[in-house]
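Look at the structure first, then read on.

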Amino acid sequence: MSAFTGTGRLARLVLRRDRVRLAIWVLGTPLLGYALAGSVKEFYPDEASRAGYASTSASSLVARAFNGPIAGTDLGAVVVAETYVTLALLAALLSTFAVVRHTRQNEETGRAELLGASVVGRYALLTAALLVVVAANVAATALLAAALAGAGLPLAGSVAAAAAVGGVGVAFTGVTAVAAQLSVTSRGANALAAAAVGIAFLLRAAGDVLGEQTEGGLRVVSAWPSWLSPLGWGNQVRAFGGGERWWVLALPVALLVAGVAAAYALAERRDIGAGLVAPRRGPATAAPGLLSPAGLAWRLQRGTLLGWAVGVAVLGFSMGIANDEFNAMIEENPAAAEAISAMGGGARLIDAYLAAMLGLFALTIGAYVVQALLRTRGDETDGPLEAVLATAVGRTRWLTTQVVAATLGALALVLLGGLTTGLGYGLVAGDPLGRAVELGGAALVRLPALLVVAGVVTALFGLLPRWSVALSWAALIAFLLLGQLGAVLDLPQAALNLSPYTHVPSAPAVDPAALPLVVLTGVGAALLVAGTAGFRRRDVPS
């Protein structure tokens, strides 16, 4: 029997299990790219506006750190500068999650051992997962290239930009294959892969910040640290930069091959279910706080919450510091100023910008709410929930504790985002304490929308548990497209109203009204009650 026996059938099993997730990934990436390209095209319709953007982006260290280097004044170059990092990070994270789910998670749950008892080769399970994830990246790349070309961009540049994004996903597929061999848990493997993505982002940012401006300050050539990062390789393709460097696309393929070879070698050195990094021994006795559902929820969430807090604080402070640079760039472009005003909801440009940034924070933190609450489904399918409910803890108490923990975490993150943004803005404006307090209060206005997100996830978990994971993430993506990009894309108001973020007052650009906040809170509470009632009446596990 070959080490790859059964790979084809296992690949079909992966496709069967992830048919909804893969469809959202493969179709959602080009749709998001098309929408972002269309909005950028509206912001910068002529050469003069794009030259102003390129000059400001090339001279701004913050813009280079977060958006990457600008490759010129062509429309495609501006589209890549505005969209590449977002799409590449999505490709990296989706690839890592998918590989871990079909490798290490299968071993953690015992599914791999059952499959291994049949006629299955040692490498078949890993190979099947890698084949499907690489194929998903290739399919998303092809559709993204077609979407960018359909948005009016040159075909060669569209293919290069899409391949740069897909290359990031392929590269981290190989990295995650190794991470899945090291950690004994799926959570640990995801953490290792996420750390690799974070290091890649920092290396790319360092290379772009240390890069040199050329062509009169309208182009940036990245420094050597960018070549150490798979995220940086995508920028080195120079899509729409007046001569694409196709050979750079061989680097992520080489990393994939090296990662797969290393994963095969490591798989030979361990038993199924074990990891090469031994798990750390816990204390002999548990902390007293773990005797309650609240203490357990905090123990499980604190690491994730800390990681989110660091990211929110750094991004908030950077956005606050950069407000003058972005304000100057937007003021030179009437279309961009109009779009920011539409997103921020105010006439005063700086307040509209701050309101738009706080809105983006709230939407991003919605991902934390979804992630935290979907842990309930993981506890149910993996078995811990049955053990908890076998004690004196009731269903309502357990689920309520999870919801309260996620909501308090969202509250802390929203407040932290507002405070750090205000602190950065205040240091530039000369009033750090006053601005921090002002924007901290404005950020709290977004909490009712996050309560609706929590209600949607809870309702799906209670009423449609089998579909809760896919539908929860799909709902958040819909809220993104409707709540943040809907105004820019001129969608009908009836569609915009489906997003809870649409109804949040855009403080500090406008004075917050109480009625929308009360209605959102009521909708969130009703969804939470519906989800709790459904959970009480159905089987566990379901």
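## Aromatic pairs

Rings of Phe, Tyr and Trp count as a pair if their centres lie within 6.5 Å. In this predicted model, ring pairs link Phe4, Tyr123 and Tyr264 into a cluster.

The count comes to nine aromatic pairs. One of them is Trp227 with Trp247: the ring centres are 6.0 Å apart and the planes are at 10°, so this pair is stacked. Trp227 sits in the loop between β2 (219-221) and α11 (230-236), and Trp247 in the loop between α11 and α12 (250-267). They are 20 residues apart. Trp227 is partly exposed at 29% relative accessibility. Trp247 is exposed at 52%.

Trp308 and Tyr368 form an edge-to-face pair, with 5.9 Å between centres and 65° between planes. Trp308 is in helix α13 (residues 293-321) and Tyr368 in helix α16 (residues 349-373), so the pair ties together parts 60 residues apart in sequence. Trp308 is partly exposed, at 22%. Tyr368 is buried, at 1%.

## Charges over rings

Two arginines sit over phenylalanine rings. The charged end of Arg395 is 5.5 Å from the ring centre of Phe535. For Arg538 over Phe461, the distance is 4.9 Å.

## A buried aspartate

Asp208 belongs to helix α10 (residues 186-209). Is Asp208 buried or exposed? Asp208 is buried, because its relative accessible area is 0%, under the 20% cut-off. Its side chain makes a polar contact of 2.4 Å with that of Arg204. Beyond its neighbours within four places in sequence, Asp208 touches residues including Arg64, Ser222 and Asn235.

Notes:
Residues numbered from 1 in each chain as written. Predicted model: local features only at pLDDT ≥ 70, side-chain atom pairs only at ≥ 80, totals over all residues. Heavy atoms only, no water. Helix = DSSP H or I, 4+ residues; strand = E, 2+ residues; numbered from the N terminus. Buried < 20%, exposed > 50% of the residue type's maximum accessible area, 1.4 Å probe, protein only. Polar contact = N/O pair within 3.5 Å; in protein donor to acceptor, adjacent residues only side chain to side chain. Contact = heavy atoms within 4.5 Å. Phe/Tyr/Trp six-rings, centres within 6.5 Å; stacked < 30°, edge-to-face > 60°. Lys NZ or Arg CZ within 6 Å of the ring centre and 35° of its normal.
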